[in-house]
Amino acid sequence: MSADNDEPASEVGISFVVTGFGPFRNSKDNPTTVISNKLKDYVKDSNLDLLLTTTLVIETSAEAARHETDQLKQHIHSQEGRTTVLLHLGVNFTATHFQLEQCAYNEAHFRIPDEKGYQPRNKKVIDGCDPILTTRLDVEKLQKDIGLDSVVVSTDPGRFVCNYTYFCSLSKLQQHDNNVYSLFLHVPPFSKVPEEEQLQIVTLVMEGICKQLVAVEA
């Protein structure tokens with residue numbers, strides 16, 4: 001790991017859960033499916049000191065987002081106090097950068113139906129919850145620590161399933177457990193940034209998160 005601290009993430013108790021999405025609409029090749037499926041082997045083959053406990057591909061639907069965040073809550077509760085980072089990956093097909101999403105909005109306003117045919121208009125993701133939820137990770141510092149022009153901070157995750165999933169994660173998981181951190185990372189398509197480079201940048205983000213949390217816990 002490239003963090004300044006000598007202790008690897010596995011020894012200081014930081015584990016990662018990484019999620020991606022399956023196909024949606026006419027976009028059958030979702031790069032986050034590939035990244036999620038290959039990330040464990042990439043971390044192992046690259047000899048990175050990252051503890052990646054779970055990778056998961058979520059159907060691109062609000063129903064699946066709710067279900068999987070509930071399942072992840074049960075998984076995290078079994079981790080016996082270990083710090084867990086939920087890194088959610090989604091694709092922005094118009095982007096050329098990687099976007100560290102600072103917040104999610106309690107707004108479900110789908111421009112197109114999700115994979116279940118659900119298309120809410122001006123609805124809440126979770127009734128009675130705050131209008132905006134923010135990650136506890138310092139994404140401005142994270143972006144500076146990564147030090148790549150291709151990684152930027154964003155405050156607009158859209159209002160589709162990406163935002164929906166992120167809001168569920170922040171509300172159901174991060175807000176109820178001080179050992180849990182949620183972050184959403186939008187990635188570009190492989191036509192803009194090839195697969196190998198995307199895997200490298202995702203792990204750089206993970207290393208940057210570890211560096212930040214190790215400093216917090218020191």
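Q: Is Asn47 buried or exposed?
A: Asn47 is exposed in this predicted model. Its relative accessible area is 66%, and a residue counts as exposed over 50%.

Q: Where is the place of Asn47?
A: Asn47 sits in the loop between α2 (31-45) and β2. Its phi is positive, near 55 degrees, in a residue other than glycine.

Q: And what about Asn122: which loop is it found in?
A: Asn122 belongs to the loop between β5 (103-105) and β6 (132-134). Asn122 is not a glycine, yet has a positive phi of about 55 degrees. With a relative accessible area of 68%, Asn122 is exposed.

Q: Turning to the helices, how many residues has α3?
A: Helix α3 covers residues 62-77, which is 16 residues. From the first C-alpha to the last, α3 reaches 23 Å, close to the 22 Å expected at 1.5 Å a residue.

Q: Which residues of α3 are buried?
A: The buried residues in α3 are Ala62, Ala64, Ala65, Glu68, Thr69, Leu72 and Ile76. They cover an arc of only 140 degrees around the axis, so they lie on the same side of α3.

Q: What covers the buried residues of α3?
A: The cover includes the strands β1 (14-21), β2 (51-58), β3 (83-91) and β8 (180-187), together with helix α5 (161-172).

Q: Which exposed residues does the other face carry?
A: Gln74 and His77 are the exposed residues on the face of α3 turned away from its buried side.

Q: Is Ser169 itself buried or exposed?
A: Ser169 has 0% relative accessibility and therefore counts as buried.

Q: Why does Cys162 count as buried?
A: Cys162 has 13% relative accessibility, and buried means under 20%, so Cys162 falls in that class. The place of Cys162 is also in helix α5.

Q: What does Cys162 touch?
A: Not counting residues up to four places away in sequence, Cys162 touches Phe21, Gly90, Pro157, Phe184 and His186.

Q: Next topic: what volume has the largest pocket?
A: The volume of the largest pocket is about 520 Å³.

Q: Which residues lie nearest its centre?
A: Phe24, Val91, Arg111, Phe160 and Cys162 lie nearest the centre of the largest pocket, which has 22 lining residues. At least two residues of the lining come from β3, and at least two from α5.

Q: Finally, which residues are buried in α4?
A: In α4, which spans residues 139-146, the buried residues are Val139, Leu142 and Ile146. Viewed down the axis of α4, they fall within an arc of 50 degrees, so they line one face of the helix. An α-helix has 3.6 residues a turn, so residues three or four places apart point the same way.

Q: What reaches the backbone nitrogen of Glu140 at the start of α4?
A: A side-chain oxygen of Asp138 comes to within 3.3 Å of that nitrogen.

Q: And which residue follows α4?
A: Gly147 follows α4, and the phi of Gly147 is positive, near 70 degrees.

Note on methods. Residues numbered from 1 in each chain as written. Predicted model: local features only at pLDDT ≥ 70, side-chain atom pairs only at ≥ 80, totals over all residues. Heavy atoms only, no water. Buried < 20%, exposed > 50% of the residue type's maximum accessible area, 1.4 Å probe, protein only. Helix = DSSP H or I, 4+ residues; strand = E, 2+ residues; numbered from the N terminus. Arc of directions from axis to C-beta. Polar contact = N/O pair within 3.5 Å; in protein donor to acceptor, adjacent residues only side chain to side chain. Expected span 1.5 Å × (residues − 1). Contact = heavy atoms within 4.5 Å. 1 Å grid on protein atoms, 1.4 Å probe; cavity = no way out; pocket = protein on both sides within 12 Å on 5 of 7 lines; lining within 4 Å. Points joined across faces, edges and corners; volume = space filled by probe spheres on them.
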